[in-house]
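Subject: Structure handover and findings

Hello,

Please find the structure below.

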Amino acid sequence: MTKQDEGAQASAYERAGVSIDAGHRAVELMKGAVARTHTPNVLGGLGGFGGLFRAAFGHMDDPVLVASTDGVGTKTKVAVRSGTFTGLGGDIVNHCVNDILVQGARPLFFLDYVAMGKLLPERVAEVVTGAAQACEALGVALLGGETAEMPGVYVDGELDIVGTIVGVVDRPRLINGSRIQAGDTVIALPSSGLHTNGFSLARMALDDLDWTEARADLNGQTLAQLLPVPHRAYLHAFDALERAGADVRGMAHITGGGLIDNPPRVFPQGIGMQIDTGSWTVPPVFELIVQRAQVARHEAFRALNMGVGFLFILPAEQEQAALDALKSAGEQPWVIGQMIHGQGVTFTGAV
């Protein structure tokens with residue numbers, strides 16, 4: 001094939017809406033941030049057909065791999081409207097890390113998928129750099145990923161983000177909720193906002209408002225400031241409890257399904273959870289969504305996290321020591337309820 005033919009072929013592909021050069025530019029823009037996440041167990045760098053990770057787990061007697069895949073949903077549309085994309089990378093990393101943390105797993109490596117109708121290298125790099133920064137903060141290797149340009153599938157200007165995490169836990173230390181008992185205490189940690197769930201409801205409720213307006217009912221903040229705030233990670237909080245010798249019997253990551261559907265995923269048969277809704281103040285942004293969407297409060301507790309990001313379940317006699325350990329780690333924990341005989345989640349106070 002002549003160079004003229006090669007040029008014609010390349011331009012034909014670009015006329016079809018796909019730019020190979022834009023993909024290469026995106027990789028160049030992000031590779032430094034990605035390289036900083038690479039631990040000694042990562043073999044090779046970016047560019048291979050597959051990422052290489054040395055499975056060396058040292059002291060573990062029976063290492064079990066734990067994996068999870070998730071997306072950020074329609075929070076991508078919030079990023080487009082507000083013009084801030086870095087947080088989406090942190091969103092997906094932290095969401096995935098929290099999901100495997102529920103079983104006591106430590107994250108090893110992460111893979112990302114970013115897709116657009118028309119590839120914008122700077123935007124992709126902003127998202128992946130955000131993911132790399134979140135990985136670096138948690139000691140996770142960003143092992144690889146995929147950047148896809150798919151004209152006709154994704155609307156120009158929009159994007160989609162998916163992440164996959166792989167972690168490990170020693171089987172004797174696996175946390176599956178089977179040891180939870182009636183009388184155990186439930187300690188909550190706050191979310192940083194909506195995290196990565198409930199944005200379809202939020203956008204329906206808030207779409208016609210001025211997102212740049214400082215609102216009195218949001219304590220002087222704007223929706224453009226509040227809605228893109230990244231999902232929190234709770235790995236360091238768990239580390240603090242482990243250092244304090246706490247017997248964590250179960251955990252729940254409060255994502256889609258809220259406080260109603262998520263906690264029961266770890267309950268043993270015949271055990272339920274009682275939550276005191278008077279134990280915390282629901283942040284104003286959630287109240288604004290509930291009010292404007294005219295959604296029943298029970299439904300809101302299922303669609304949104306309502307300010308609660310993560311739950312730890314442990315013996316009642318360890319309650320104060322656990323609270324102290326979390327506070328010493330910079331957290332703002334509170335006792336949200338207790339485990340009871342029954343099933344599912346029940347609420348005391350107004351819902």
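Leu 311 is in contact (heavy atoms within 4.5 Å) with Val 186, Ile 187, Ala 188, Gly 250, Met 251, Ala 252, Ile 254, Leu 259, Pro 263, Met 273 and Ile 336, leaving aside neighbours within four places in sequence.

A word on the basis. This is a predicted model, in which local features need pLDDT of at least 70 and side-chain atom pairs count only at pLDDT 80 or more, while totals for chains, interfaces and linings use all residues. Residues are numbered from 1 along each chain as its sequence is written, and side-chain values use heavy atoms, with hydrogens and water left out.

**Cores**

Leu 311 belongs to the largest nonpolar core, which has 93 residues. Together with Phe 110 and Phe 312, Leu 311 touches the most other members. Helix α5 (residues 121-138) gives the most to this core: 8 residues. Another core, of 10 residues, lies apart from it and includes Phe 57, Leu 108, Ala 141 and Val 166. A nonpolar core here is a set of buried Ala, Val, Leu, Ile, Met, Phe, Trp, Tyr and Cys residues joined through side-chain atoms within 4.5 Å. Buried means under 20% relative accessible area, exposed over 50%, and partly exposed in between (1.4 Å probe, protein chains only).

Ala 141 sits in strand β5 (residues 141-149). Its relative accessibility is 0%, so Ala 141 counts as buried. Leu 108 is 33 residues away along the chain, yet the two C-alpha atoms are separated by 6.4 Å.

**The sheet**

Six strands make an open sheet with mixed pairing, in the order β8-β10-β7-β11-β9-β12. The edge strands are β8 (250-253) and β12, each pairing on one side only. Neighbouring strands are turned by 25° against each other on average, direction ignored. Helix α12 (residues 319-328) packs on the sheet and touches β7 (185-190), β10 and β11. The direction of α12 makes about 15° with that of β7. Axes are lines fitted to C-alpha atoms, for helices over the stretch in contact; angles run from 0 to 180 degrees between N-to-C directions. Helices (H or I, at least four residues) and strands (E, at least two) are DSSP runs numbered from the N terminus. Two strands pair if DSSP finds at least two bridges between them.

Now the pairings, along the sheet:

- β8 and β10 (residues 308-314) run antiparallel, with 4 bridges. Met 251 has Phe 312 as its bridge partner.
- β7 and β10 run antiparallel, joined by 6 bridges. Leu 189 is partnered by Phe 310.
- β7 and β11 run antiparallel over 4 bridges. Val 186 is partnered by Gly 337.
- β9 (residues 271-276) and β11 (residues 334-341) run antiparallel, with 5 bridges. Gln 274 is partnered by Gln 338.
- β9 and β12 (residues 345-348) are parallel, over 4 bridges. Asp 276 is partnered by Thr 348.

How enclosed is β7? Of its 6 residues, 6 are buried, so β7 is largely enclosed by the rest of the structure. In a regular strand, side chains alternate between the two faces of the sheet. Both faces of β7 are covered. Thr 185, Ile 187 and Leu 189 are buried on one side, and Val 186, Ala 188 and Pro 190 on the other.

**Helix α6**

The buried residues of α6 (residues 199-206) are Phe 199, Leu 201, Ala 202, Ala 205 and Leu 206. Seen down the axis, they fall within an arc of 155°, so they line one face of the helix. The arc is that of the directions from the helix axis to the C-beta atoms. These residues pack against α3 (75-82), α7, α10 (284-293) and α11 (297-303).

**His 231**

His 231 lies in the loop between α7 (223-226) and α8 (235-243). Its relative accessible area is 1%, so His 231 is buried. Its side chain makes a polar contact with that of Thr 196, at 3.2 Å. Such a contact is a pair of N or O atoms within 3.5 Å; within protein, one must be able to donate a hydrogen and the other to accept it, and residues adjacent in sequence count only if both atoms are side-chain atoms. Not counting residues up to four places away in sequence, His 231 touches several others, among them Lys 75, Asp 91, His 95, His 195 and His 253.

**Whole chain**

The chain has 12 helices and 12 strands. Buried residues make up 49% of its 351 residues.

Best wishes
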